[in-house]
Every structure is written in structure tokens, then in C-alpha cells.
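Biologist: Hi! Could you walk me through this structure?
Modeller: Happy to, let's look at it together.

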Amino acid sequence: METALTLIAPVFGIGLLGYLAARVGWFSDEAAGGLARFVFDFAVPLMLVRVFTQARLPDVFPWPLLLSFYAPAAALYAVGFLVSGQAFGRNAMERTIGGFSWSFGNAVLLGLPLALLTFGEEGMVPFLILLSVHGLGYLTVTTALLEYGRQQDRPSIELVRKVARGLATNPIILGLATGVLLNRLGVTLPGPVDRTAEYMQAAVTPCALFSLGASLTHFRVSGGLREPLLAVAAKNILMPLLVWALAVQVFRLPTPWSSAALLLAAQPTGVNVYLFAARSAAAKDLATTAVFLSTTFSLLSLSVVLYLLQVS
């Protein structure tokens, strides 16, 4: 456990610095938003291009890896959607936020830096393969469900066009697609370009974690606790257990691949849950509380997962 704590302490330490800086007014909301945009729109996409152009990708599409993670993710999303409606009387848009909070993890701001520290650049391929589907799948489904819930008589083609435009302009998805394409074409980055991308990659971990910490000043316990606690139990505990069962017991993935799936599954509820809730004016109390509690509890749950990864 000592090694796991040694690894996770600086991760949450940088996040704590960001939180304290924002809390006392030394780091404004505008600065936090700008830093987050730098991470999402520039640093991470360039890192993805660099890593994928240098990676040795599997010849066979890794269905077992994807199923190990996304089968539990889809199941928990569906259960969370149903529980929000049946047990807590939520409407269609609020149910979507409920399912989102049960299943969607903080893959970029926390998961990506933690994976880089845990696996190193050479061991990032399984994690990045999962990440390549993460935003595409979750954001497509959630956007479609929210739009359908907002205006069910809206023309289908308009909904499809809006979702497609959002995905086509997503910097992370563009970075992933560019990296994979260059890899398949056998193209490597020229020296100066590679060095530039390397510098940007080095900025991902501290900037993402500091930005995450600063953003947490907007999250606090709001409304009742029963529904958010169910979401936290599902996201922080049940999802890692289900992913472990499939990855290790059913598909018997190689250790680096099962470890990547488990680490991503153990990430706390992502801040995008709150952003979607705020943008849609739906279940903001649930989103705010779930993100806050899940991130707080992840200090313990992620420490346990990292320890188990080290002894396995």
C-alpha cells in the first residue's frame, strides 16, 4: 500500500493545490476554464497523436478489452436511468443524468494523468484504446437522450446532425483519429513536431490535475443523499468489480490490458456529468453531489485499486 499511496499522494496533492488556489481567490474561474480548455483542446490531443504514432497497435480489434469495460458501463448506465425514474420520480432528461452519473468516469482530467504515472508511456496503449471509445460512446448516447427528452417531436435528422457535428469537432476525438490514421499509414512525426508534442504531453498531468482541483470548488453536497450515494456506490465500487470480473475471470486479458480497464473503471464520476446537467437544467443537485462525493471517496478507492494492481 505504501507504493500506491506514494503514487496517488502527488496526484491528489496537485488537485488540492488547485482547489485551495481557487477557493481563496488566487485562481479565478476564468483561469480555471482556460487551463481546462488548454488540456482538452491542445495538450491531450497532441499527446494522443504522439503516443498513437509511436505505439504498436494490435492487429486484431480488441473486442474482449472493450467488452470488459463497456458492457458493465452500459449496464450501469441503464440501471441508473431506470432507478432515477422508478425510485426517485425523475423525468426523462433527469434520468439521463442519473444513468450518466452511475457510469461515466473522469477519464481525462484524473484518469489520464494517473494512467501515465502508473503505466508509463509504453504501457498506455490499452488505456488509450478504451479512451478512444469513452468520449465517443458516452457523449453520443447522452446528447441523444437529452435532446430526445427535451423535445421528443424534434426531427430525427436534426438530432443526428447536431450529435455528428459535436463529435466531428471534438479535439480529443480528432487527436485519437489522427494518431491512429498516422499509425496505420506508417507515418512518424518529424523531430521538431514530435518534440513539441512531447512538451505538450509533459504538461498534461500537472495541468489536468490542477484544473480538476480548481473545478471542484463548484461542487458540494446539494439536495438529498440517497440517490447520489447510490451513484457513488455504483461508480466507485460496483463498476470496478464488474470490469475486473469480465477482464480477469471471463476474458482472461493480459495483465496490462486488464489493469488499464480496471483503472479506468475506478475513476470517480466525471465533471462532464455536471456540465451536461447544468447545460440541460436537469438534476443539477444529483450531478453536483455525485461528482463531489465520488471524487472525495476516490482517494480511498483508487488507492485500493492501485495497490491491487501492484500486487497482482
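Biologist: Which side chains meet in a salt bridge with 3.6 Å from N to O?
Modeller: Those are the side chains of Asp 285 and Arg 90. A salt bridge here is a side-chain nitrogen of Lys or Arg within 4 Å of a carboxyl oxygen of Asp or Glu. The pair links distant parts of the chain, with Asp 285 in helix α13 and Arg 90 in the loop between α3 (63-86) and α4 (92-103), 195 residues apart. Helices are DSSP runs of H or I with at least four residues, numbered from the N terminus.

Biologist: Before we go on, what kind of model is this?
Modeller: This is a predicted model, where local features need pLDDT of at least 70, side-chain atom pairs count only at pLDDT 80 or more, and totals for chains, interfaces and linings use all residues. Residues are numbered from 1 along each chain as its sequence is written, and side-chain values use heavy atoms, with hydrogens and water left out.

Biologist: Thanks! Is Arg 90 buried or exposed?
Modeller: Arg 90 counts as buried because its relative accessibility is 13%. Asp 285 has 29%, so Asp 285 counts as partly exposed. The cut-offs are under 20% relative accessible area for buried, over 50% for exposed and partly exposed in between, using a 1.4 Å probe and protein chains only.

Biologist: Which residues are linked in a network with them?
Modeller: Glu 227 joins in: Arg 90, Glu 227 and Asp 285 are linked in a network of salt bridges.

Biologist: How many salt bridges does a search of the whole structure find?
Modeller: The search finds 5. One of them pairs Arg 50 with Asp 194, with the closest N and O atoms 3.0 Å apart. Here too the pair links distant parts of the chain: Arg 50 is in helix α2 and Asp 194 in helix α9 (residues 191-215), 144 residues apart. Arg 50 is buried, at 7% relative accessibility, and Asp 194 is buried as well, at 16%.

Biologist: What does Arg 37 form a salt bridge with?
Modeller: Its partner is Asp 41, and their closest N and O atoms are 2.9 Å apart. Both lie in helix α2 (residues 29-54), 4 residues apart, which is about one turn of the helix. Arg 37 is exposed, with 54% relative accessibility, while Asp 41 is partly exposed at 24%.

Biologist: Back to α13. At what angle do α4 and α13 pack?
Modeller: The angle is about 5°, with the axes 9 Å apart. Axes are lines fitted to C-alpha atoms, for helices over the stretch in contact, and angles run from 0 to 180 degrees between N-to-C directions. The two helices are therefore roughly parallel to each other. Angles under 35 degrees count as roughly parallel, and those over 145 as roughly antiparallel.

Biologist: Which residues meet there?
Modeller: Ile 97, Gly 98 and Ser 101 in α4 meet Leu 286, Ala 287 and Ala 290 in α13. Contact means heavy atoms within 4.5 Å.

Biologist: And how do α11 and α13 cross?
Modeller: The axes of α11 (residues 255-265) and α13 (residues 284-311) come within 10 Å and cross at roughly 175°. That makes α11 and α13 roughly antiparallel to each other. In α11, Ser 259, Leu 262 and Leu 263 meet Leu 302, Val 305, Leu 306 and Leu 309 in α13.

Biologist: New topic! Which residues in the largest nonpolar core touch the most other members?
Modeller: Of its 87 residues, these are Phe 69, Ile 97, Leu 112 and Leu 128. A nonpolar core is a set of buried Ala, Val, Leu, Ile, Met, Phe, Trp, Tyr and Cys residues joined through side-chain atoms within 4.5 Å.

Conventions
Angles under 35 degrees count as roughly parallel, over 145 as roughly antiparallel, 65 to 115 as roughly perpendicular and the rest as oblique.
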